[in-house]
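I opened this notebook to record what I looked up in one structure. The entries follow the order of my searches.

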Amino acid sequence: MNRVPCLYIVVPCYNEEQVLPITSKLFLGKLAELVNQDKISDNSRIMFVNDGSKDKTWDIILELARQDSHYIGIAQSRNRGHQNAVLAGLMEAKDHCDITISIDCDGQDDINAMDAMVDAYLDGCEVVYGVRSERDTDTFFKRFTAEGFYKLMNWMGAEVVFNHADYRLISSRVLQELANFKEVNIFLRGMVPLVGFKSTSVYYERSERIAGKSHYPLKKMLALAFDGITSLSVKPIRMITGLGLIIAVLSFVGIIWAVVSSLLGRTIAGWTSTICIVCFMGGVQLLCLGVIGEYIGKIYLETKARPRYIISERTEERDASCKEARKNDRIGGSLTPKSKA
């Protein structure tokens with residue numbers, strides 16, 4: 001019988017002192033349930049990633065790790081954003097487990113969907129996306145903008161899974177390949193599909209936040225959307241080229257019209273029309289320069305090749321049991337389990 005997989009649940013945390021004591025118990029309960037069902041190894045862990053929290057989040061993580069060895073944690077040297085925190089946890093876990101499941105700390109994502117995710121992995125899937133089946137808990141504005149974002153991303157040429165955020169299962173095999181993606185501008189929702197491998201989706205209903213306040217206001221959501229578009233697609237640049245071509249053609253027609261009108265003596269001095277044309281062209285030029293500048297800024301950051309995350313502290317040294325088990329399986333000829341006999 002093949003060995004059951006070792007699972008690391010990766011939980012990014014930023015100022016979660018209100019909700020962490022609640023959801024940590026839920027995560028541990030789900031881990032124990034999966035172990036009792038013989039779906040995962042007891043060497044599985046819950047890894048909290050402290051993203052430079054300013055409250056007592058890290059102190060809570062340290063206390064949890066002291067209480068139960070299934071809790072472990074890493075702390076970033078400063079706040080680097082949700083995507084970098086998730087990536088830090090995944091890269092930290094990839095050499096110590098068979099599969100990872102990333103999930104937010106707020107308790108909104110249905111943890112029971114993990115059962116179906118693990119089952120899909122055992123059936124041969126390397127990536128399993130957690131997808132919201134509906135958005136009844138969202139306001140009309142948030143639902144409209146969120147769904148519009150996914151449609152816009154796909155229209156822009158970025159391959160993203162509709163209504164999928166960052167709740168997903170990824171095998172260590174996929175994570176090893178994801179580690180080869182060296183870009184500094186990170187948008188995991190678009191990067192993971194680019195890696196490939198067999199994938200599927202698990203659908204679930206999202207709940208209200210259990211406690212605390214959301215750390216993703218409209219401003220951050222818009223910034224994430226813009227980062228995703230500019231990190232995965234060059235279509236905005238091509239749209240600018242197309243716009244410039246259209247304006248150039250219209251301008252050429254306008255020049256011919258102006259010359260003909262002048263030769264026929266039909267010209268009338270017009271201040272309003274001149275100002276409108278100047279303002280329109282100036283606005284279009286500034287907009288185009290802004291989009292181009294955004295891409296140049298990303299190139300600037302990529303050429304610096306700064307680290308995407310810096311881990312300043314760990315709750316303890318990694319438990320090597322999963323790694324040793326994986327090494328023994330390699331010796332025995334089995335690398336990654338896909339089904340249980």
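**Conventions.** I worked from a predicted model, in which local features need pLDDT of at least 70, side-chain atom pairs count only at pLDDT 80 or more, and totals for chains, interfaces and linings use all residues. Residues are numbered from 1 along each chain as its sequence is written, and side-chain values use heavy atoms, with hydrogens and water left out.

**Strand 2.** I took helices (H or I, at least four residues) and strands (E, at least two) as DSSP runs, numbered from the N terminus. For accessibility I used a 1.4 Å probe and protein chains only: buried is under 20% relative accessible area, exposed over 50%, and partly exposed in between. I found six of the six residues of strand 2 buried, so the strand is largely enclosed by the rest of the structure. Arg45, Met47 and Val49 point one way, whereas Ile46, Phe48 and Asn50 point the other.

**Its neighbours.** I counted two strands as paired if DSSP finds at least two bridges between them. Strand 1 (residues 7-13) runs parallel to strand 2 and is joined to it by six bridges; valine 10 has methionine 47 as its bridge partner. The chain passes from strand 1 through helix 1 to strand 2 in a right-handed β-α-β crossover (clockwise from the first strand over the helix to the second, with the strands pointing away from the viewer). Strand 2 also pairs with strand 3 in the parallel sense, over five bridges, and there valine 49 stands opposite isoleucine 74. With helix 2 (residues 57-67), strands 2 and 3 make a right-handed β-α-β unit.

**Aromatic pairs.** I searched the whole structure and found two pairs. Rings of Phe, Tyr and Trp (its six-membered ring) pair if their centres lie within 6.5 Å; planes under 30 degrees apart are stacked, over 60 edge-to-face and the rest tilted. Phenylalanine 48 and tyrosine 71 have ring centres 5.9 Å apart and planes at 25°, so they are stacked. The pair ties together strand 2 and strand 3, its residues being 23 apart in sequence. Tyrosine 167 and tyrosine 204 have centres 5.3 Å apart and planes at 80°, so this pair is edge-to-face. Both of these tyrosines are buried.

**Backbone angles.** Aspartate 38, not a glycine, has a positive phi of about 60°; the residue is in the loop between helix 1 and strand 2. Phenylalanine 197 has a positive phi of about 75° and is partly exposed, at 31% relative accessible area.
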